[in-house]
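Have the sequence and the 3D view open, and follow along as we go from the surface to the inside.

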Amino acid sequence: MKRFLKTWMLPISMTIGVLLYVFYRQCELLHPYGAELRAVITTTQPWLIFLMLYSSFCKVQLSCLRLRRHFILPLLIQCVCFLVSAFVAYHVQGDWAIVIESFMICMICPTATAAVVVTGKLGGDTLDVTAYTILINIVVALLIPAVVPILHPHPGQTFCTTFVQLILHIFPMLICPLFAAALTRSYLPRLHRLVTSIPDFAFYLWAISLSMCLTMTARSLYHNHVSTFLLIGMAAATALSCILQFWAGRCIGARAGRPISGGQSLGQKNTAFAIWMAYTFLDPVTSVAGGFYSLWHNIYNSWQLARHKAG
């Protein structure tokens, strides 16, 4: 039973997350407490992500982080696809613009913080993923403010205001666990040994966070009353983005002897960021793209982990 749970933890977590929202919809007694329940999830998730990253960073030598040459091509793929998609979306209208923007969001979305956890479970290079995650977040913080105000102009929305919003949203959850792990390693060795001695601690935290994420994804899909054509188009665009990035990441990583870290760095996305970016800067309907991508990359991760366990 323990082996079964560890192998299929991700699809189980995803199913639980969706079923929790279905239960909420069917249980009218809970409806008056919807805002409070949503606040619990939105408050708890950042702390789970912080602890997950903190635990993962405690297990790696942060002084060994390096920017490597094989990061250049994945970075170019993300940036070029984002810029081309933004150009096309700017010149089309209606549902097609939203479909293209869905692809655009998923291409520029930074690497998921949980990618370090999955890479470790698959036997990949976690230092590589950590370094690329920091790099792509810096690039995103510079590139999006230069493009999004042109694509979706809002009063008072400039490069500087967008940049500040992105910095405040991205870096606390990324940099704080990094520094906390470094301080723990240097000044609290007993705590460091305790954290690193707990097997799969970060993985189980991620499973809980994933359930919450799928609950919010189900809610987003339920409340976005869009046409069937548009939903199918967004699902197809995000699936294409997911396939392209995992395939390209693994191919590029394989040349450097790191196919797993290459695939996870490029393919596993911070979909919570994608949803937030859509709500904040773009058409809110495109937030569904983050939900769809969350399904695709977690289904693929589940298959990878199951195959890895079987092997």
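Phe87 sits in helix H4, which covers residues 72-90; helices here are DSSP runs of type H or I with at least four residues, numbered from the N terminus. This is a predicted model, in which local features need pLDDT of at least 70 and side-chain atom pairs count only at pLDDT 80 or more, while totals for chains, interfaces and linings use all residues. Residues are numbered from 1 along each chain as its sequence is written, and side-chain values use heavy atoms, with hydrogens and water left out.

Is Phe87 buried or exposed? Phe87 is exposed, because its relative accessible area is 56% (buried means under 20%, exposed over 50%, partly exposed in between, with a 1.4 Å probe and protein chains only).

Now for the inside. Ile136 belongs to helix H7, residues 126-151, and Ile136 counts as buried because its relative accessibility is 0%. Which residues does Ile136 contact, leaving aside neighbours within four places in sequence? They are Leu75, Gln78, Pro110 and Thr111, where contact means heavy atoms within 4.5 Å. Ile136 and Ser265 are 129 residues apart in sequence, yet their C-alpha atoms are 9.3 Å apart in space.

Asn137 is in helix H7 too, and at 4% relative accessibility Asn137 is buried. Not counting residues up to four places away in sequence, Asn137 touches Pro110, Ile170, Phe171 and Leu174.

Next, the charged pairs. Side chains of opposite charge can pair when their charged atoms come close. A salt bridge here is a side-chain nitrogen of Lys or Arg within 4 Å of a carboxyl oxygen of Asp or Glu, and by that rule there are 3 salt bridges.

| Salt bridge | N to O distance |
|---|---|
| Arg68 and Asp128 | 2.8 Å |
| Arg258 and Asp125 | 3.0 Å |
| Arg258 and Asp128 | 3.4 Å |

Arg258 lies in the loop between H11 and H12 and Asp128 in helix H7, so this pair ties together parts 130 residues apart in sequence. Asp128 is buried, with a relative accessible area of 3%. Arg258 is partly exposed at 23%, and Asp125 is partly exposed at 22%. Put together, Arg68, Asp125, Asp128 and Arg258 are linked in a network of salt bridges.

The largest pocket has a volume of about 930 Å³. A pocket is an open set of points on a 1 Å grid over the protein atoms alone, where a 1.4 Å probe fits, with protein on both sides within 12 Å along at least five of seven lines; lining residues have an atom within 4 Å of a point. The volume is the space filled by probe spheres set on the points.

How many residues line the largest pocket? There are 37, and Gln45, Ile49, Asn270, Ala272 and Phe273 lie nearest its centre. Among the elements that give two or more residues to this lining are H7 and helix H3 (34-58). The largest share, 8 residues, comes from H10.
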